[in-house]
Amino acid sequence: ASEFIEYLRPMTILGRLQLRNVPFNIRVPRQTSGVTGGFVGEGSPAPVNKPQFDNITHPWAKVACITVITDELARLSNPSAEALIRDDLANGIAQYLDKRLVDPAYPGVANTSPASLTNGVTPQQSSGATLAALDKDVRAIMTTFADAEQGLARGVWVMSASSAIRLSMMRTNQDNKAFPGLTVNGGEFYGLPVIVSNNVTGSGSPGDQFLILINQSEIMLSDDGGIELDVSQEASLEMNDAPSGGATSLQSLWQQGLIGLRAMRYIYWTKRRSTAVQFIDKAQSYAS
């Protein structure tokens, strides 16, 4: 009676990234081209340059989930099923957000949700299983960063646990570990810190894994600071995991002796510049 076997969830990504926090509902001016100087002869006019600007709009978005349990389960379970399910709702939303954050196949929905950080980024395809191939691919995306004037002082790698295990066991021709600072819990990879989470998977290509490089200082995050949890026994719900929004068939929680629990979080993210994120696709091929 004192045991509850909870659903295993991977460690979250959003909670460990150090992003640039901004308020909701703002418009940030962004300079898209700069001015330049020039030598001017004696008595000659100085050139006049015009910088170019556009704007990044940072609205709000929310993610929510509702689940229902019986009043009997809430009253008689030990430990309390209500508390356990509330925790599960919060963790489930955190996991969902992580997957939406890094899944290249997620384009976002206008006025509803932001696109993933990797969506629209042209990936570097894995060029082989060897250490030399990995060096080549990492050099390619780091060079892309450098060419775009993206600094890596706050760069971080994001990868799955299986990728971290595989890469941490790669060896040189002298049978030494190629990446002694990398473990399944993170560490260092090519001189930059690593975040490990099994949420680094793609919905559009099952089984594919990614090595994602993020410039944290170039990602803007709006967040209300936590997950809002509510409980009700008086609401009427459309019992559907894809509700229509105008349903006429509702069930009363009070009449049926049920308890509804809802978790909700307001959050939105945007890249300040499109070059702030790069990634290697098909990373499962390394050392396979």
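A residue is termed buried when its relative accessible area is under 20%, exposed when over 50%, and partly exposed in between (1.4 Å probe, protein chains only). At 7% relative accessibility, Glu-218 therefore counts as buried. The model is predicted: local features need pLDDT of at least 70, side-chain atom pairs count only at pLDDT 80 or more, and totals for chains, interfaces and linings use all residues. Residues are numbered from 1 along each chain as its sequence is written, and side-chain values use heavy atoms, with hydrogens and water left out.

The overall form of the chain comes first. Its secondary structure comes to five helices and 16 strands, where helices (H or I, at least four residues) and strands (E, at least two) are DSSP runs numbered from the N terminus. The radius of gyration is 24 Å, well over the 19 Å that the globule rule gives for 288 residues, so the chain is more spread out than a compact globule. For these values the radius is taken over C-alpha atoms, and the globule rule is 2.2 Å times the number of residues to the power 0.38. Along its principal axes, the C-alpha trace spans about 90 × 60 × 25 Å. Buried residues make up 36% of the 288 residues. Among contacts (heavy atoms within 4.5 Å) between residues at least 6 apart in sequence, 76% join residues at least 24 apart.

Seven strands form an open sheet in the order 5-16-10-6-9-8-7, and their pairing is mixed; two strands pair if DSSP finds at least two bridges between them. Strand 5 (124-125) and strand 7 (182-183) are the edge strands, each pairing on one side only. Within the sheet, strand 10 (residues 211-215) and strand 16 (residues 277-281) run antiparallel and are joined by four bridges. Ile-214 has Val-277 in strand 16 as its bridge partner. Helix 3 (residues 131-147) lies across strand 5, strand 6 (155-159), strand 8 (186-189), strand 9 (192-196), strand 10 and strand 16, and runs at about 160 degrees to strand 16. Such angles run from 0 to 180 degrees between N-to-C directions, with axes fitted as lines to C-alpha atoms, for helices over the stretch in contact.

Several loops beside these elements deserve attention. Glu-149, in the loop between helix 3 and strand 6, has a phi near 60 degrees, a positive value in a residue other than glycine. Glu-149 is exposed, with a relative accessible area of 71%. Tyr-190, which is found in the loop between strand 8 and strand 9, likewise has a positive phi, of about 55 degrees, although it is not a glycine. Tyr-190 is partly exposed at a relative accessible area of 26%. The loop between strand 7 and strand 8 holds Asn-185, which counts as exposed at 60% relative accessibility. The C-alpha atoms of Asn-185 and Val-196 are separated by 6.3 Å, although the two are eleven residues apart along the chain.

A search of the whole structure finds eight salt bridges, a salt bridge being a side-chain nitrogen of Lys or Arg within 4 Å of a carboxyl oxygen of Asp or Glu. One of them joins Arg-30 to Asp-54, with the closest N and O atoms 3.0 Å apart. This pair links distant parts of the chain, since Arg-30 is in strand 2 (residues 26-33) and Asp-54 in strand 3 (residues 52-58), 24 residues apart. Both are partly exposed, Arg-30 with a relative accessible area of 25% and Asp-54 with 27%.

Glu-218 also takes part in such a pair: its side chain meets that of Arg-272 in a salt bridge (2.8 Å, N to O). Arg-272 lies in the loop between strand 15 (258-271) and strand 16, and Glu-218 in the loop between strand 10 and strand 11 (219-223), so the pair ties together parts that are 54 residues apart in sequence. Whereas Glu-218 is buried, Arg-272 is partly exposed at 23%. Another salt bridge joins the side chains of Asp-230 and Arg-262 (2.8 Å, N to O). Here Asp-230 belongs to strand 12 (residues 228-232) and Arg-262 to strand 15, 32 residues apart. Salt bridges that share partners join Glu-218, Arg-272 and Arg-273 into one network. Leaving aside neighbours within four places in sequence, Glu-218 is in contact with Gln-150, Thr-270, Lys-271, Arg-272, Arg-273 and Ala-276.
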